[in-house]
Amino acid sequence: MEDMKKIEMKTQDAPVRNHNFEEVSLGYTKKEAMDEASRCLQCKVPKCVEGCPVNIKIPEFIAALKEDNILEAYRIISESSSLSAICGRVCPQERQCEARCIRGIKGDSIAIGSLERYVSDEAFKNGYESLPKVSKINKTVAIVGSGPAGLACAYDLAKEGFDVTIYEVLHKAGGVLTYGIPEFRLPKEIVSAQIEKLEKLGVSIKTNIPIGNAITLNELQEEYDAVFIGTGAGLPRFMGIPGEDASGVFSANEILSRINLMGSFKKDAKTPIKHAKVAYVIGGGNVAMDAVRSLKRLGIDAHIMYRRSEEELPARQMEVIHAKEEEIEFHFLENPVKILVDEENNVIGMEVVDMELVEEEAGGRRGVREIKHSNHEVSCDMVVMALGTGPNHEALKESDIILTEKKLIQVENGKTSLDNVYAGGDVVTGSATVILAMEAGKKAALEIIRRYTGKYQSDK
Ligand SMILES: Cc1cc2nc3c(=O)[nH]c(=O)nc-3n(C[C@H](O)[C@H](O)[C@H](O)COP(=O)(O)OP(=O)(O)OC[C@H]3O[C@@H](n4cnc5c(N)ncnc54)[C@H](O)[C@@H]3O)c2cc1C
């Protein structure tokens, strides 16, 4: 019977952790990892591997772990993923590898993400780098953007001997891993360690360079054999309601960037976040959960307002559970129609309407509409919009690259309409996930490798 249940990862207690930015999940001990690994059935046709967008050889790494061979387990993971310590923490495994695990039919799936995290953390602690030997091939690639798409593309190209240079507009590399996902879910030392591994492989990372302004895409095309665009989707959306320009209205991206990149949560920060008393975060996705949980940690009475019901929340279930444990208040089926301000244009509240669910929309999600005459007011002094993001195409200035109807970069097998220019990640799909961005980066790398080395043609 015991084998039916997975070993749960311990967490900091909720009343303690909602006052600090330290990691919530504490990781497995060696015994916990071994016990969990021993639940794996080592299936001959492992469905979990099919469920992983980068096809990590999951049963093989778990078998090596069972034999207490961390180096080998890490080598196996690193063959497919350059960011395993990150993916072990933030991938939605419950919808991917773990959703396909045979153990999950009659009990809990193997906690594959937790084991991936354990192996990667142990490898780092022990200084295992698992870097392949590289022979240079005298071909150059420029990568625009240092998020997971760019990093994964760079890793696969560098392994094949390409000279890779990443251009990043911010002062730190990592994309959303660095500026978006908060420290309490993804410690920044983990992100830095994974980026350092890439640099040790010979990848050059140039920060503070806005492609499109400092250097144009056309110039990169001329200078390099190939270019990969992985500029993400970092442009926040707003509601377009009255009062949205008030002091005290933010995008979730701004709040999270200021906390992550500028340490705004520290007392002596140069750009402190205004000390609000009551904040409402509007939205129900992972970004909304990250923003509201960050605000709670700043001592703010933090609320979520979501226009659909709890069942429709798009955020990962674990993030919602953690948020509730941390005393975040949820308001479902409500939506702001106006931000209320004082004579100095500071937020003092919101006019809100009640909503009701209607029949399903095209994507299978229930639609929603306002209930007439349900307007009421709530008091608050901060409103944070977490309504999704779109791409910022600054990097494409002066280029005639073809975009889709949704204004995303159009690609076929990772290739754009421009010769020797490839793209992937959120700039192609719209906001998605770390692992899907990595998959896209790897796919484009494979196309570049095929084109310039003639290798891997038989996998086509
Ligand atoms: C707050 C938050 C939490 C999230 N949580 C999760 C999660 O738990 N799990 C998960 O799987 N996914 C999560 N996601 C989604 C995931 O992080 C993204 O899907 C992923 O990072 C996309 O990767 P990318 O490489 O395409 O883009 P990004 O990570 O956005 O990286 C793009 C990079 O390009 C740079 N750039 C942009 N324009 C230029 C330019 N002109 N010149 C040079 N550089 C440029 C940007 O500064 C950025 O560093 C989250 C997203 C957010 C915002």
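# Domains, ligand shell and selected elements of a predicted model

The protein is divided into domain 1 (2–125), domain 2 (140–234 + 391–459) and domain 3 (236–389), with bounds that come from an automatic or database domain assignment. The model is predicted: local features need pLDDT of at least 70, side-chain atom pairs count only at pLDDT 80 or more, and totals for chains, interfaces and linings use all residues. Residues are numbered from 1 along each chain as its sequence is written.

The contact between domain 1 and domain 2 takes 17 residues from domain 1 and 24 residues from domain 2; two residues are in contact if their C-beta atoms, placed from the backbone, lie within 7 Å. The C-alpha centres of these two domains lie 27 Å apart. On the side of domain 1 that touches domain 2, helix α6 (residues 84–90) provides the largest share, five residues. Helices (H or I, at least four residues) and strands (E, at least two) are DSSP runs, numbered from the N terminus. By class, that side of domain 1 has 12 nonpolar, one polar and four charged residues. Here Ala, Val, Leu, Ile, Met, Phe, Trp, Tyr, Cys and Pro count as nonpolar, Asp, Glu, Lys and Arg as charged, and the others, Gly among them, as polar.

The ligand brings in domain 3. Both domain 2 (140–234 + 391–459) and domain 3 (236–389) give residues to the shell around the ligand, so the ligand lies between them. Of the 40 residues in this shell, Gly145, Gly147, Gly175, Gly232 and Gly425 come nearest; a residue is near a molecule or strand if its C-beta atom, placed from the backbone, lies within 6 Å of it. The elements that give two or more residues to the shell are α9 (148–159), α14, α16 (426–429) and α17 (434–453). By class, 20 residues of the shell are nonpolar, 16 are polar and four are charged.

Strand β4 (residues 226–229) pairs with two other strands described here. With strand β1 (residues 140–144), β4 pairs in the parallel sense over four bridges, and alanine 226 in β4 is the bridge partner of valine 141. With strand β16 (residues 421–423), β4 also pairs in the parallel sense, over three bridges; there valine 227 has valine 421 as its bridge partner. Two strands pair if DSSP finds at least two bridges between them. Both faces of β4 are covered, with Ala226 and Phe228 buried on one side and Val227 and Ile229 buried on the other. In a regular strand the side chains alternate between the two faces of the sheet. A residue is buried if 20 or more other C-beta atoms lie within 10 Å of its own, exposed if 12 or fewer, and partly exposed in between, with C-beta atoms placed from the backbone.

A further parallel pair is formed by strand β7 (residues 278–282) and strand β8 (residues 301–306), over five bridges. Valine 281 stands opposite isoleucine 304 in β8. Strand β7 is mostly covered, since four of its five residues are buried.

Histidine 331 touches His303, Ile304 and Met305, not counting residues up to four places away in sequence. Histidine 331 is partly exposed, because 15 other C-beta atoms lie within 10 Å. From methionine 34, histidine 331 is 297 residues apart in sequence and 41 Å apart in space, C-alpha to C-alpha.

Helix α15 (residues 317–325) has Glu319, His322 and Ala323 as its buried residues. They cover an arc of only 100 degrees around the axis, which puts them on the same side of α15; the arc is that of the directions from the helix axis to the C-beta atoms. An α-helix has 3.6 residues a turn, so residues three or four places apart point the same way. The face of α15 turned away from its buried side carries the exposed residues Gln317 and Ile321.

Two loop residues have a positive phi. Most residues other than glycine have a negative phi. Glutamate 327, in the loop between α15 and β9, has a phi near 70 degrees, a positive value in a residue other than glycine. Glutamate 327 counts as exposed because it has 12 C-beta neighbours inside 10 Å. Lysine 407, in the loop between β15 (389–390) and β16, has a positive phi of about 65 degrees although it is not a glycine. With 10 C-beta neighbours inside 10 Å, lysine 407 therefore counts as exposed.
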